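Biologist: I would like to go through the labels attached to this model one at a time, and to hear for each of them what value stands behind the word.

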Amino acid sequence: MKTTHKKSNKKVQTSAIAMLNLLILFSASEKTVAQTNAGIVGIDHVGINVPDLNKAVTFFKDVLGFTPVTQLGPIPLDADWKKLNHINPNTGAVTIKMVNAGNGASIEVFEYADNKGSKTHPNTDDIGASHIAFYVNDINAAVIYLKSKGVKIVGEPFATPSGDTAGETWVYFETPWGSKMELVSYPNGKGYEKANPKTILWSPKNTASKKASAEDFDSKKIQQLLKITLKSGMKKTKQNVKYY
């Protein structure tokens, strides 16, 4: 009487070893690439100065639906720090609030007491001018909602007809303190994606999908996973032993 379970077990072991070697090799190559770069994983937060912290946080919370999480300050700033960071020497302490903005980077909101800096917002074409864009599923519905809250919409939603951003619709709006921000939507993707590019731009609308992390390339965890897989495979093989 002969059985086939030894041969089956050997195949399972061989496959597991090959998979382990491949994953460890991939892990090593990923780490090598990361070590040659700055080690940046992604955008953690975006900072913005406001004239009134409480009013700004209320807007983010009550109108945009964001969640205030942490607060620091007021923190007195010494003369050396002000000089190093180009802060007016007569400006007072800073208070900082971190706001969770849903799926994506957080917003770090700054208020400087007795602020002696410029009270004028930069023009759109000024160096250093910037804005924050928020992804929405339905841009027209979002515009109607913001208008109902008294938010100033700058122009009308513009749908890009062609090129890399074909399929994208966007519109600017202003916060109560005058900062320019944006609503953007591309539910069916953007034009450039049709060319199967090597790199796809990150989007908060895709965060539901599994993202690779450092843990995915941990050799010890991979070995443990393969041991479990191997044992499971051997158990199934024993259950399916054929006699002849």
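Biologist: Which residue in strand 4 stands opposite Gly47?

Modeller: The model is a predicted one, and in it Gly47 has Glu108 of strand 4 opposite.

Biologist: What makes strand 1 and strand 4 count as paired?

Modeller: At least two bridges between two strands are needed; strand 1 and strand 4 (residues 106-112) are joined by 5 bridges and run parallel, so they are paired by that rule.

Biologist: Why are strand 1 and strand 2 said to stand at the edges of their sheet?

Modeller: The sheet is open, with 4 strands in the order 1-4-3-2 and mixed pairing. Strand 1 (45-49) and strand 2 (67-75) each have a single partner strand, so that one side of each is left without a neighbour in the sheet. Neighbouring strands here are turned against each other by 20° on average, direction ignored.

Biologist: Why is the pair of Phe60 and Trp177 called edge-to-face?

Modeller: The centres of the Phe60 and Trp177 rings are 5.7 Å apart and their planes stand at 70°, so the pair is edge-to-face. This pair links distant parts of the chain, because Phe60 is in helix 2 (residues 53-63) and Trp177 in the loop between strand 7 (169-174) and strand 8 (180-185), 117 residues apart. Both residues belong to one aromatic cluster, together with Phe59, Phe66, Phe134 and Phe173.

Biologist: What makes Lys190 a charge over a ring?

Modeller: The distance part of the rule asks for NZ of Lys within 6 Å of the ring centre, and Lys190 lies over the face of Tyr186 at 4.5 Å from that centre. In the case of Lys180, the charged end sits over the ring of Tyr172, 4.6 Å from its centre.

Biologist: Is Lys190 buried or exposed?

Modeller: Its relative accessibility is 13%, so Lys190 counts as buried, given the cut-off of 20%. The side chains of Lys190 and Glu168 are joined by a polar contact of 3.0 Å, which is inside the limit of 3.5 Å.

Biologist: What is the phi of His86, and why is His86 called exposed?

Modeller: Phi of His86 is near 55°, a positive value in a residue other than glycine. Most residues other than glycine have a negative phi. Exposed means over 50% relative accessible area, and His86, at 77%, therefore counts as exposed. Asp114 also has a positive phi, near 50°, and at 51% relative accessibility Asp114 likewise counts as exposed.

Methods
Residues numbered from 1 in each chain as written. Predicted model: local features only at pLDDT ≥ 70, side-chain atom pairs only at ≥ 80, totals over all residues. Heavy atoms only, no water. Phe/Tyr/Trp six-rings, centres within 6.5 Å; stacked < 30°, edge-to-face > 60°. Helix = DSSP H or I, 4+ residues; strand = E, 2+ residues; numbered from the N terminus. Lys NZ or Arg CZ within 6 Å of the ring centre and 35° of its normal. Buried < 20%, exposed > 50% of the residue type's maximum accessible area, 1.4 Å probe, protein only. Polar contact = N/O pair within 3.5 Å; in protein donor to acceptor, adjacent residues only side chain to side chain. Axes fitted to C-alpha atoms, helices over the stretch in contact; angles between N-to-C directions.
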